[in-house]
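Please read them alongside the structure.

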Amino acid sequence: MAGFAELGLSSWLVEQCRQMGLKQPTPVQLGCIPAILEGRDCLGCAKTGSGKTAAFVLPILQKLSEDPYGIFCLVLTPTRELAYQIAEQFRVLGKPLGLKDCIVVGGMDMVAQALELSRKPHVVIATPGRLADHLRSSNTFSMKKIHFLVMDEADRLLEQGCTDFTVDLEVILAAVPARRQTLLFSATLTDTLRELQGLATNQPFFWEAQAPVRTVEQLDQRYLLVPEKVKDAYLVHLIQNFQDEHEDWSIIIFTNTCKTCQILCMMLRKFSFPTVALHSMMKQKERFAALAKFKSSIYRILIATDVASRGLDIPTVQVVINHNTPGLPKIYIHRVGRTARAGRQGQAITLVTQYDIHLVHAIEEQIKKKLEEFPVEEAQVLQILTQVNVVRRECEIKLEAANFDEKKEINKRKQMILEGKDPDLEAKRKAELAKIKQKNRRFKEKVEQTLQRQKASRADRRGRPPRARPEASLSPAPAQGPA
Ligand SMILES: Nc1ncnc2c1ncn2[C@@H]1O[C@H](COP(=O)(O)OP(=O)(O)OP(=O)(O)O)[C@@H](O)[C@H]1O
């Protein structure tokens with residue numbers, strides 16, 4: 001198998017790889033590094049934790065060493081934490097070059113960033129919103145001569161999700177030269193391939209890992225069918241068991257909203273689990289502090305929204321728990337990809353209610369693998385059910401008293417104004433989204449009614465009442481409480 005030197009990298013970079021413990025290139029690095037060194041645009045699609053970052057950092061550093069100037073490279077990424085992580089890789093691998101980098105993300109001092117940008121760093125690593133703000137408001141730096149434009153998690157940058165980057169991307173693309181090398185990477189590029197190909201036009205090289213399953217082999221993927229009302233008791237039970245069985249352990253729990261994330265964090269702390277939260281309602285400094293404490297194992301549980309689902313590389317994470325079933329398979333792929341990275345083992349457990357079964361089927365279809373049931377002693381869950389529900393309610397009341405929802409609204413408006421957006425216009429868009437959600441809810445209700453009818457007719461046929469235990473399979477039978 002070819003080593004880093006055979007890919008055309010200089011000896012100083014090969015030595016940097018060795019020092020970082022990267023002995024052999026991973027397949028995505030084998031495929032993409034030579035093409036990037038040849039000067040071609042590149043679209044790299046490989047599984048989570050497969051080394052995509054070094055696949056673009058290494059050839060960029062090589063080209064920079066041959067013709068060093070600033071600003072040479074712009075890297076765009078959807079989250080602030082990810083920007084810092086990528087900058088770290090540039091710094092470590094590019095140390096012999098005396099690399100100057102600049103991180104441009106929201107929630108941090110804009111004046112200090114503007115000053116750094118005016119000093120012509122070699123590499124700028126940015127989230128689109130803040131970089132577009134700088135481009136709109138300042139003429140003290142120019143992106144007109146950049147050689148490389150990288151979009152990490154490119155599909156997320158282009159999709160129109162709850163954080164829509166498209167307007168900011170327009171500003172950024174207008175500020176960079178048309179003649180450039182464009183590198184696009186993600187574990188889930190295929191859905192947005194057509195849009196991405198429009199960005200990469202210079203003899204684009206497309207590299208995709210060929211594998212029967214879209215998640216890594218070392219990942220043990222499970223589901224746990226639970227009634228909505230007892231979800232938290234199952235969560236506490238899972239964590240307690242994991243803590244009892246392992247000395248050195250570390251878990252990421254994903255939730256669907258900031259509020260749930262905050263409440264569950266408070267609740268788990270009440271049960272003395274060392275937990276930190278990470279969500280977009282927190283101040284940026286708190287977000288960094290939480291992540292640092294989790295990375296250094298001071299806290300063993302990180303409870304987060306999808307702000308942490310992409311790209312974060314924390315090798316110690318052994319388990320990912322999805323407190324809600326992700327609505328999109330690709331969100332599932334990125335979430336569970338926070339464990340079992342770089343050849344390590346890992347486990348993902350998704351809590352599924354009877355309303356989410358269709359989501360699990362969609363996930364299984366996409367990843368091309370069936371999830372297996374995670375066995376649980378229901379009697380043990382029952383023992384803690386009341387206590388968990390009482391503690392959760394207490395935490396909800398405490399959070400309501402702290403005006404969490406109101407603060408969220410004020411923060412949002414402030415952020416929008418800072419980003420040059422019109423809060424009222426955004427509210428309109430949100431209302432439209434709510435309409436779509438309502439439609440989906442109605443659909444769910446219909447499914448529920450059908451299931452109830454099926455249940456009733458089955459019970460009729462058997463001539464006895466339905467069992468009061470949750471079904472242990474993903475067949476579309478509704479689950480009951482474990483009482
Ligand atoms: N050639 C290599 N040999 C061994 N480890 C490597 C190699 N290249 C990268 N790694 C390590 O693998 C881990 C995952 O790499 P990276 O974060 O780049 O994954 P990724 O493919 O970008 O994942 P994601 O899709 O989740 O963002 C990192 O800890 C990195 O240091």
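1. How many residues surround the ligand, and which are the closest? In this predicted model, 19 residues surround the ligand, and the closest are Gln24, Lys52, Thr53, Asp313 and Arg341. By class, the shell consists of nine polar, six charged and four nonpolar residues.

2. A ligand oxygen lies 2.7 Å from an N or O atom in the side chain of Lys52. Another entry concerns the backbone: a polar backbone atom of Gly49 is 2.8 Å from an oxygen atom of the ligand. The side chain of Gln29 has an N or O atom 2.8 Å from a nitrogen atom of the ligand. On its own the ligand has 640 Å² of accessible area, and the protein covers 88% of this.

3. The chain is divided into domain 1 (4-208) and domain 2 (219-407). Both domains give residues to the shell around the ligand, so the ligand lies between them.

4. The C-alpha centres of domain 1 and domain 2 are 30 Å apart. To the contact, domain 1 gives 19 residues and domain 2 gives 17 residues. Between them the domains bury about 1,600 Å², with 54% of it on carbon and sulfur atoms. Of the area that domain 1 buries against domain 2, Thr48, Glu81 and Gln85 supply 36%, more than any other three residues.

5. Twelve residue pairs are in polar contact between domain 1 and domain 2, and five salt bridges are found across the interface. Separately, the side chains of Glu159 and Lys330 form a salt bridge, at 3.1 Å from N to O.

Methods. Residues are numbered from 1 along each chain as its sequence is written. This is a predicted model: local features need pLDDT of at least 70, side-chain atom pairs count only at pLDDT 80 or more; totals for chains, interfaces and linings use all residues. Side-chain values use heavy atoms; hydrogens and water are left out. A residue is near a molecule or strand if one of its heavy atoms lies within 4 Å of it. A polar contact is a pair of N or O atoms within 3.5 Å; within protein, one must be able to donate a hydrogen and the other to accept it, and residues adjacent in sequence count only if both atoms are side-chain atoms. Accessible areas come from the Shrake-Rupley method with a 1.4 Å probe; for residues, only the protein chains shown count as cover. Ala, Val, Leu, Ile, Met, Phe, Trp, Tyr, Cys and Pro count as nonpolar, Asp, Glu, Lys and Arg as charged, and the others, Gly among them, as polar. Domain bounds come from an automatic or database domain assignment. Contact means heavy atoms within 4.5 Å. Buried area is the accessible area (1.4 Å probe) that two parts lose on being put together, summed over both. A salt bridge is a side-chain nitrogen of Lys or Arg within 4 Å of a carboxyl oxygen of Asp or Glu.
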